[in-house]
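Subject: Structure for you to look at

Hello,

Here is the structure I said I would pass on. Please open it first, then read the notes below it.

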Amino acid sequence: MLDLEVVPERSLGNEQWEFALGMPLAQAISILQKHCRIIKNVQVLYSEQTPLSHDLILNLTQDGIKLLFDACNQRLKVIEVYDLSKVKLKYCGVHFNSQAIAPTIEQIDQSFGATHPGVYNAAEQLFHLNFRGLSFSFQLDSWNEAPKYEPNFAHGLASLQIPHGATVKRMYIYTGNNLQDTKAPVMPLACFLGNVYAECVDVLRDGTGPLGLRLRLLTAGCGPGVMADAKVRALERNIYFGDSCQDVLSALGSPHKVFYKSEDKMKIHSPSPHKQVPSKCNDYFFNYFTLGVDILFDSTTHLVKKFVLHTNFPGHYNFNIYHRCDFKIPLFIKKDGAEASGEDCILTSYSKIQELLGHPMEKPVVLHRSSSANNTNPFGSTFCFGLQRMIFEVMQNNHIASVTLYGAPRASSHTRAEASAH
């Protein structure tokens, strides 16, 4: 049985690990994987058709804990303990829930002290006692006392009116004063772990297609062992097609991984693929997992030739490899009609491309991912649409899984200046 420390408005954890509010989804999963012998039977719950309308949940069924992540920024928003019989809980080092100590209203009052009058929810038959960043729900069943908790009746310290011995049914840790209105906080300094994260990524482009990326980066600006002086620093970096390997390393730092391509599965769709001379060297990717970005370099010139932006939607083959890249791509959409007019629009990580571009679109290329020829992909195929030197990989729920940007290397420094001005 897990023995965990409760820190209101911050975290739930022990000396080995901690689930902190604002923690990225990938870090929480990394903790679960590292301690898989202790924390078993974890479910990932999400909406397959409307993934942005419901929180993404990690359900620790053996331990009675749910971790609720914001569907958009994928940071930890609420920690819910829904079965207190499966876990030991303490506050300031003192247990208030264990096999020997029942989490009664008296015990909660003794451990956490006084608070504002609670709220009775007649539909749930639950009495909610709220502290800042922490809530307890008591089961009232069908006791005769239940009517006195109606809003018009309650007065004074409502917690004193709860029947003696009433025990906690659920506990919530969150940010702020209101569980219903809470939002995932910014990432805590302790979660940076020496990594750089992308707050947003803008695609720079001209009339024909993309020119490069403008990345707004966040990092904990401190040296080793100086966490007391640490602050989140915001940086802005531009990367263009045709930048050298050294340019990218200077701007973004070392990648998490370097991957050498062994084949090009899209080669058959290029003009005259049989005339292309096989290269003796392989192109290679810089994988920046915390940015949600891959950068492909030409094996001969070592210049940027392709960018890949990942949205990290659940239900995709690459889910949880990358953090979500919160990108914005300006598009110029031509409208059919007597006057061949067009309009500008912004495509984001959360857009549905068919809704934005309208119908009909040209038939997509079907992409089926698997780790080997004999393996099956449980999530099914995705569809690739080409538009203005970009390829959009679209899932079956119409959300974008990834965007691949192509472009010729920059011709001169004038191109860079022009892109920066936009």
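The model is a predicted one, and in it eight strands make up an open, antiparallel sheet, ordered E17-E18-E19-E20-E26-E25-E24-E23. At the edges are strand E17 (257-260) and strand E23 (365-367); each has a single partner strand, so one side of each has no neighbour in the sheet. On average, neighbouring strands of this sheet are turned by 20 degrees against each other, with direction ignored.

As background, strands of a sheet pair through backbone hydrogen bonds, and the pairing is either parallel or antiparallel. Phenylalanine 383 has valine 394, in E25, as its bridge partner.

A helix also packs on the sheet: H3 (residues 245-252) touches strand E18 (284-288), strand E19 (293-297) and E20. The direction of H3 makes about 5 degrees with that of E18.

Next, the backbone angles. Most residues other than glycine have a negative phi. Which value does phi take at glutamine 388? Phi there is near 50 degrees, which is positive, and the residue is not a glycine. Glutamine 388 sits in the loop between strand E24 (382-387) and strand E25 (390-394). With a relative accessibility of 22%, glutamine 388 counts as partly exposed, because the buried class ends under 20% and the exposed class begins over 50%.

Asparagine 320, also not a glycine, has a positive phi of about 75 degrees. Asparagine 320 lies in the loop between strand E20 (304-310) and strand E21 (327-334).

Regards

Note on methods:
Residues are numbered from 1 along each chain as its sequence is written. This is a predicted model: local features need pLDDT of at least 70, side-chain atom pairs count only at pLDDT 80 or more; totals for chains, interfaces and linings use all residues. Side-chain values use heavy atoms; hydrogens and water are left out. Helices (H or I, at least four residues) and strands (E, at least two) are DSSP runs, numbered from the N terminus. Buried means under 20% relative accessible area, exposed over 50%, partly exposed in between (1.4 Å probe, protein chains only). Two strands pair if DSSP finds at least two bridges between them. Axes are lines fitted to C-alpha atoms, for helices over the stretch in contact, and angles run from 0 to 180 degrees between N-to-C directions. Contact means heavy atoms within 4.5 Å.
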